[in-house]
Amino acid sequence: MADYQSLLVSEDAGIAKIVVNRPEKLNSLSSQVLGELLAAVLDVSGRASVRCAIVTGAGEKAFVAGADIAEMSTMTAAQAKAFADAGHRALAAIEEAPFPFIAAVNGFALGGGTELALACDFIYASDKARFGQPEVNLGILPGFGGTQRLARRIGVGRARELIYTGDHVPADQALQLGLVNAVVPAAELGEKVLAVAKKIASKSPLTLRAMKRVVLRGTETDLVSACELEATAFSSLFGSDDQREGMSAFLSKRAPAFKGS
(Lines give C-alpha, C1' and ligand atoms only; values in the text may rest on other atoms or scores of the structure.)
Protein backbone atom coordinates (compact mmCIF):
# COMPACT_ATOMS: atom_id res chain seq x y z
CA MET A 1 0.00 0.00 0.00
CA ALA A 2 1.12 3.57 -0.70
CA ASP A 3 2.03 5.98 2.10
CA TYR A 4 -0.49 8.71 2.87
CA GLN A 5 -0.24 11.75 5.13
CA SER A 6 -3.88 11.81 6.19
CA LEU A 7 -5.07 8.23 5.68
CA LEU A 8 -4.23 4.79 7.04
CA VAL A 9 -4.76 2.15 4.36
CA SER A 10 -4.39 -1.58 4.91
CA GLU A 11 -5.51 -4.92 3.52
CA ASP A 12 -6.02 -8.25 5.25
CA ALA A 13 -7.72 -11.43 4.06
CA GLY A 14 -9.42 -9.72 1.12
CA ILE A 15 -10.67 -6.76 3.16
CA ALA A 16 -9.26 -3.27 2.63
CA LYS A 17 -9.56 -0.63 5.32
CA ILE A 18 -9.31 3.12 4.76
CA VAL A 19 -9.10 5.28 7.89
CA VAL A 20 -9.29 9.07 7.69
CA ASN A 21 -6.49 9.91 10.11
CA ARG A 22 -6.81 13.52 11.26
CA PRO A 23 -8.20 13.04 14.78
CA GLU A 24 -6.87 16.43 15.91
CA LYS A 25 -9.11 17.98 13.21
CA LEU A 26 -11.97 15.53 13.81
CA ASN A 27 -10.97 13.89 10.51
CA SER A 28 -12.24 16.83 8.46
CA LEU A 29 -11.96 16.61 4.68
CA SER A 30 -9.36 18.97 3.26
CA SER A 31 -8.25 19.13 -0.36
CA GLN A 32 -5.31 16.93 0.56
CA VAL A 33 -7.55 14.34 2.23
CA LEU A 34 -9.87 14.24 -0.77
CA GLY A 35 -6.95 13.73 -3.16
CA GLU A 36 -5.53 10.97 -1.01
CA LEU A 37 -8.95 9.38 -0.59
CA LEU A 38 -9.40 9.20 -4.37
CA ALA A 39 -5.93 7.69 -4.78
CA ALA A 40 -6.56 5.13 -2.02
CA VAL A 41 -9.95 4.07 -3.39
CA LEU A 42 -8.50 3.67 -6.90
CA ASP A 43 -5.57 1.75 -5.44
CA VAL A 44 -7.63 -0.81 -3.53
CA SER A 45 -10.16 -1.01 -6.38
CA GLY A 46 -7.38 -2.15 -8.69
CA ARG A 47 -6.31 -4.99 -6.41
CA ALA A 48 -7.71 -8.38 -7.42
CA SER A 49 -7.20 -9.60 -3.87
CA VAL A 50 -9.65 -7.10 -2.36
CA ARG A 51 -13.28 -8.16 -2.12
CA CYS A 52 -14.70 -5.66 0.37
CA ALA A 53 -13.60 -2.36 1.93
CA ILE A 54 -14.29 -0.52 5.17
CA VAL A 55 -14.13 3.26 5.61
CA THR A 56 -13.92 4.80 9.07
CA GLY A 57 -12.33 7.63 11.04
CA ALA A 58 -9.45 7.67 13.51
CA GLY A 59 -10.09 8.25 17.19
CA GLU A 60 -13.28 7.96 19.20
CA LYS A 61 -14.97 11.30 18.51
CA ALA A 62 -15.47 11.49 14.76
CA PHE A 63 -15.95 9.49 11.61
CA VAL A 64 -15.58 12.69 9.59
CA ALA A 65 -16.89 15.84 11.23
CA GLY A 66 -17.23 17.67 7.91
CA ALA A 67 -15.18 19.45 5.30
CA ASP A 68 -12.25 21.58 6.45
CA ILE A 69 -13.95 24.91 7.22
CA ALA A 70 -10.65 26.70 7.84
CA GLU A 71 -9.61 25.87 4.28
CA MET A 72 -13.01 26.69 2.80
CA SER A 73 -13.26 30.06 4.53
CA THR A 74 -10.76 31.68 2.13
CA MET A 75 -11.86 29.98 -1.09
CA THR A 76 -12.97 31.85 -4.17
CA ALA A 77 -15.92 30.55 -6.16
CA ALA A 78 -13.52 28.88 -8.61
CA GLN A 79 -11.59 27.24 -5.78
CA ALA A 80 -14.82 26.07 -4.18
CA LYS A 81 -15.89 24.47 -7.47
CA ALA A 82 -12.56 22.63 -7.68
CA PHE A 83 -12.98 21.51 -4.06
CA ALA A 84 -16.49 20.21 -4.72
CA ASP A 85 -15.30 18.44 -7.88
CA ALA A 86 -12.55 16.73 -5.86
CA GLY A 87 -15.12 15.52 -3.36
CA HIS A 88 -17.41 14.21 -6.08
CA ARG A 89 -14.54 12.36 -7.77
CA ALA A 90 -13.51 10.63 -4.55
CA LEU A 91 -17.04 9.60 -3.58
CA ALA A 92 -17.93 8.50 -7.12
CA ALA A 93 -14.87 6.23 -7.04
CA ILE A 94 -16.33 4.53 -3.97
CA GLU A 95 -19.65 4.01 -5.75
CA GLU A 96 -17.92 2.70 -8.88
CA ALA A 97 -15.56 0.35 -7.03
CA PRO A 98 -15.85 -3.32 -8.09
CA PHE A 99 -16.74 -4.44 -4.54
CA PRO A 100 -18.85 -3.13 -1.64
CA PHE A 101 -17.70 -0.37 0.70
CA ILE A 102 -19.00 -0.33 4.27
CA ALA A 103 -19.00 2.89 6.31
CA ALA A 104 -18.19 2.26 9.99
CA VAL A 105 -19.41 5.51 11.54
CA ASN A 106 -17.79 5.74 14.95
CA GLY A 107 -18.70 9.32 15.90
CA PHE A 108 -19.64 12.62 14.29
CA ALA A 109 -20.52 12.26 10.59
CA LEU A 110 -21.51 15.79 9.65
CA GLY A 111 -21.54 17.51 6.29
CA GLY A 112 -18.86 15.81 4.25
CA GLY A 113 -18.89 12.97 6.77
CA THR A 114 -22.51 12.11 6.06
CA GLU A 115 -21.77 12.49 2.34
CA LEU A 116 -18.81 10.09 2.58
CA ALA A 117 -20.95 7.53 4.41
CA LEU A 118 -23.74 7.88 1.84
CA ALA A 119 -21.34 7.01 -0.99
CA CYS A 120 -20.71 3.63 0.65
CA ASP A 121 -22.95 0.66 -0.06
CA PHE A 122 -24.28 0.65 3.47
CA ILE A 123 -23.65 2.20 6.85
CA TYR A 124 -23.18 0.77 10.33
CA ALA A 125 -23.10 3.28 13.16
CA SER A 126 -22.03 3.22 16.78
CA ASP A 127 -24.55 4.38 19.34
CA LYS A 128 -22.41 7.51 19.73
CA ALA A 129 -22.66 8.52 16.07
CA ARG A 130 -24.41 11.67 14.90
CA PHE A 131 -25.37 12.62 11.35
CA GLY A 132 -26.36 15.84 9.63
CA GLN A 133 -25.91 18.28 6.79
CA PRO A 134 -25.27 21.54 8.68
CA GLU A 135 -23.88 23.47 5.70
CA VAL A 136 -26.86 25.85 5.76
CA ASN A 137 -25.46 27.27 9.01
CA LEU A 138 -22.33 28.30 7.08
CA GLY A 139 -24.22 30.00 4.28
CA ILE A 140 -23.54 27.19 1.82
CA LEU A 141 -25.12 23.89 0.77
CA PRO A 142 -23.77 20.32 0.73
CA GLY A 143 -21.12 20.09 -1.96
CA PHE A 144 -20.15 16.41 -2.12
CA GLY A 145 -23.47 14.89 -3.17
CA GLY A 146 -25.49 15.36 0.01
CA THR A 147 -28.45 17.00 -1.68
CA GLN A 148 -28.71 14.01 -4.02
CA ARG A 149 -27.63 10.86 -2.17
CA LEU A 150 -29.44 11.75 1.04
CA ALA A 151 -32.75 12.17 -0.81
CA ARG A 152 -32.23 8.86 -2.56
CA ARG A 153 -31.46 7.17 0.77
CA ILE A 154 -34.22 8.51 3.02
CA GLY A 155 -36.69 10.22 0.68
CA VAL A 156 -36.97 13.77 -0.55
CA GLY A 157 -39.13 15.14 2.27
CA ARG A 158 -36.92 13.94 5.09
CA ALA A 159 -33.77 14.96 3.24
CA ARG A 160 -35.13 18.46 2.74
CA GLU A 161 -35.84 18.74 6.46
CA LEU A 162 -32.28 17.83 7.42
CA ILE A 163 -30.67 19.95 4.70
CA TYR A 164 -32.83 23.04 5.28
CA THR A 165 -32.61 23.01 9.09
CA GLY A 166 -29.03 21.82 9.44
CA ASP A 167 -30.12 19.67 12.37
CA HIS A 168 -28.03 16.77 13.66
CA VAL A 169 -29.67 13.42 14.35
CA PRO A 170 -28.38 10.73 16.72
CA ALA A 171 -27.73 7.20 15.56
CA ASP A 172 -31.08 5.78 16.69
CA GLN A 173 -32.99 8.46 14.76
CA ALA A 174 -30.76 7.90 11.72
CA LEU A 175 -31.75 4.23 11.88
CA GLN A 176 -35.44 5.15 11.96
CA LEU A 177 -34.95 7.39 8.94
CA GLY A 178 -33.29 4.58 7.00
CA LEU A 179 -30.02 6.49 6.82
CA VAL A 180 -28.06 3.69 8.53
CA ASN A 181 -28.45 -0.07 8.36
CA ALA A 182 -27.72 -0.87 12.00
CA VAL A 183 -26.66 0.76 15.26
CA VAL A 184 -24.39 -1.12 17.65
CA PRO A 185 -22.58 -0.24 20.90
CA ALA A 186 -19.43 1.74 20.19
CA ALA A 187 -17.18 -1.01 21.56
CA GLU A 188 -18.73 -3.55 19.17
CA LEU A 189 -18.73 -1.50 15.95
CA GLY A 190 -15.40 -2.73 14.61
CA GLU A 191 -16.24 -6.37 15.29
CA LYS A 192 -19.67 -6.02 13.67
CA VAL A 193 -18.36 -4.37 10.51
CA LEU A 194 -15.49 -6.81 10.16
CA ALA A 195 -17.84 -9.78 10.48
CA VAL A 196 -20.05 -8.46 7.68
CA ALA A 197 -17.01 -7.62 5.54
CA LYS A 198 -15.71 -11.18 5.96
CA LYS A 199 -19.07 -12.60 4.93
CA ILE A 200 -19.11 -10.42 1.80
CA ALA A 201 -15.48 -11.30 1.02
CA SER A 202 -16.44 -14.98 0.89
CA LYS A 203 -18.88 -14.38 -1.97
CA SER A 204 -18.18 -14.38 -5.70
CA PRO A 205 -16.30 -11.23 -6.76
CA LEU A 206 -17.90 -11.43 -10.20
CA THR A 207 -21.36 -11.50 -8.68
CA LEU A 208 -20.66 -8.69 -6.23
CA ARG A 209 -19.34 -6.49 -9.04
CA ALA A 210 -22.42 -7.17 -11.15
CA MET A 211 -24.79 -6.62 -8.23
CA LYS A 212 -23.21 -3.30 -7.32
CA ARG A 213 -23.35 -2.07 -10.92
CA VAL A 214 -26.97 -3.13 -11.41
CA VAL A 215 -28.18 -1.55 -8.18
CA LEU A 216 -26.33 1.70 -8.87
CA ARG A 217 -27.34 2.02 -12.51
CA GLY A 218 -30.86 0.71 -11.92
CA THR A 219 -31.70 3.49 -9.49
CA GLU A 220 -30.78 6.02 -12.17
CA THR A 221 -33.28 4.81 -14.77
CA ASP A 222 -36.88 3.65 -15.21
CA LEU A 223 -38.06 0.27 -13.90
CA VAL A 224 -38.35 -1.43 -17.30
CA SER A 225 -34.81 -0.46 -18.28
CA ALA A 226 -33.51 -1.39 -14.84
CA CYS A 227 -35.06 -4.86 -15.02
CA GLU A 228 -33.56 -5.39 -18.46
CA LEU A 229 -30.19 -4.38 -17.02
CA GLU A 230 -30.69 -6.94 -14.27
CA ALA A 231 -31.63 -9.73 -16.70
CA THR A 232 -28.57 -9.04 -18.80
CA ALA A 233 -26.28 -9.09 -15.77
CA PHE A 234 -27.95 -12.28 -14.50
CA SER A 235 -27.36 -14.15 -17.75
CA SER A 236 -23.81 -12.84 -18.13
CA LEU A 237 -22.74 -14.71 -15.00
CA PHE A 238 -23.68 -18.09 -16.45
CA GLY A 239 -20.71 -20.00 -17.75
CA SER A 240 -18.32 -18.38 -15.29
CA ASP A 241 -16.21 -20.52 -12.99
CA ASP A 242 -17.87 -18.88 -9.98
CA GLN A 243 -21.37 -19.72 -11.22
CA ARG A 244 -20.42 -23.34 -11.80
CA GLU A 245 -18.69 -23.53 -8.44
CA GLY A 246 -21.58 -21.93 -6.58
CA MET A 247 -24.19 -24.27 -8.00
CA SER A 248 -21.98 -27.33 -7.70
CA ALA A 249 -21.29 -26.51 -4.06
CA PHE A 250 -24.99 -26.04 -3.37
CA LEU A 251 -25.89 -29.39 -4.91
CA SER A 252 -23.01 -31.08 -3.07
CA LYS A 253 -24.00 -29.41 0.22
CA ARG A 254 -20.58 -27.80 0.77
CA ALA A 255 -19.28 -24.26 1.06
CA PRO A 256 -18.29 -22.71 -2.28
CA ALA A 257 -14.75 -21.54 -2.98
CA PHE A 258 -15.09 -18.58 -5.32
CA LYS A 259 -12.08 -17.33 -7.27
CA GLY A 260 -13.46 -14.41 -9.24
CA SER A 261 -13.37 -15.99 -12.67
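Colleague: From what number do residues count along each chain?
Modeller: The model is predicted, so local features need pLDDT of at least 70 and side-chain atom pairs count only at pLDDT 80 or more, while totals for chains, interfaces and linings use all residues. Side-chain values use heavy atoms, leaving out hydrogens and water, and residues are numbered along each chain as its sequence is written, from 1.

Colleague: What is the strand order in the open sheet of six strands?
Modeller: Helices (H or I, at least four residues) and strands (E, at least two) are DSSP runs, numbered from the N terminus. Two strands pair if DSSP finds at least two bridges between them. In this sheet the pairing is mixed, and the order is 1-2-3-5-7-10.

Colleague: Which strands are the edge strands there?
Modeller: An edge strand here pairs on one side only. That holds for strand 1 (7-12) and strand 10 (182-184).

Colleague: In which sense do strand 1 and strand 2 pair?
Modeller: Strands of a sheet pair through backbone hydrogen bonds, either parallel or antiparallel. Glu11 has Ala16 in strand 2 as its bridge partner. Six bridges join strand 1 and strand 2, and the sense is antiparallel.

Colleague: Which residue takes a positive phi in the hairpin of strand 1 and strand 2?
Modeller: The hairpin has two residues between the strands.

Colleague: Is Ala13 buried or exposed?
Modeller: Ala13 sits in the loop between strand 1 and strand 2. Buried means under 20% relative accessible area, exposed over 50%, partly exposed in between (1.4 Å probe, protein chains only). Ala13 has a relative accessible area of 66%, so Ala13 is exposed.

Colleague: What is the bridge partner of Lys17 in strand 3?
Modeller: Strand 2 (residues 15-20) pairs with strand 3 (residues 52-57) in the parallel sense, over six bridges. For Lys17, the partner is Ile54.

Colleague: Is Asn27 buried or exposed?
Modeller: Asn27 lies in the loop between strand 2 and helix 1. Asn27 is not a glycine, but its phi is positive, near 60 degrees. Its relative accessibility is 0%, so Asn27 counts as buried.

Colleague: Which residues does Ser28 touch?
Modeller: Ser28 is in the loop between strand 2 and helix 1 (31-45). Ser28 is buried, with a relative accessible area of 7%. Contact means heavy atoms within 4.5 Å. Not counting residues up to four places away in sequence, Ser28 touches Arg22, Val33, Val64, Gly66, Ala67 and Asp68.

Colleague: What is the order of the open sheet of four strands?
Modeller: Its edge strands are strand 4 (62-64) and strand 9 (168-170). Strand 6 (residues 108-110) and strand 8 (residues 130-132) pair in the parallel sense over three bridges. Pairing in the sheet is mixed, and the order is 4-6-8-9.

Colleague: Which residues have the most contacts inside the largest nonpolar core?
Modeller: A nonpolar core is a set of buried Ala, Val, Leu, Ile, Met, Phe, Trp, Tyr and Cys residues joined through side-chain atoms within 4.5 Å. The largest has 54 residues, and those with the most contacts are Ile18, Phe63, Phe101, Val105, Leu116 and Phe131.

Colleague: How many residues are in the second, separate core?
Modeller: This core includes Ile15, Ile54, Leu189 and Val196. Its count is 16 residues.

Colleague: How are helix 9 and helix 10 placed to each other?
Modeller: Axes are lines fitted to C-alpha atoms, for helices over the stretch in contact, and angles run from 0 to 180 degrees between N-to-C directions. The axes of helix 9 (residues 205-218) and helix 10 (residues 223-236) come within 9 Å and cross at roughly 170 degrees. Angles under 35 degrees count as roughly parallel, over 145 as roughly antiparallel, 65 to 115 as roughly perpendicular and the rest as oblique. Helix 9 and helix 10 are therefore roughly antiparallel.
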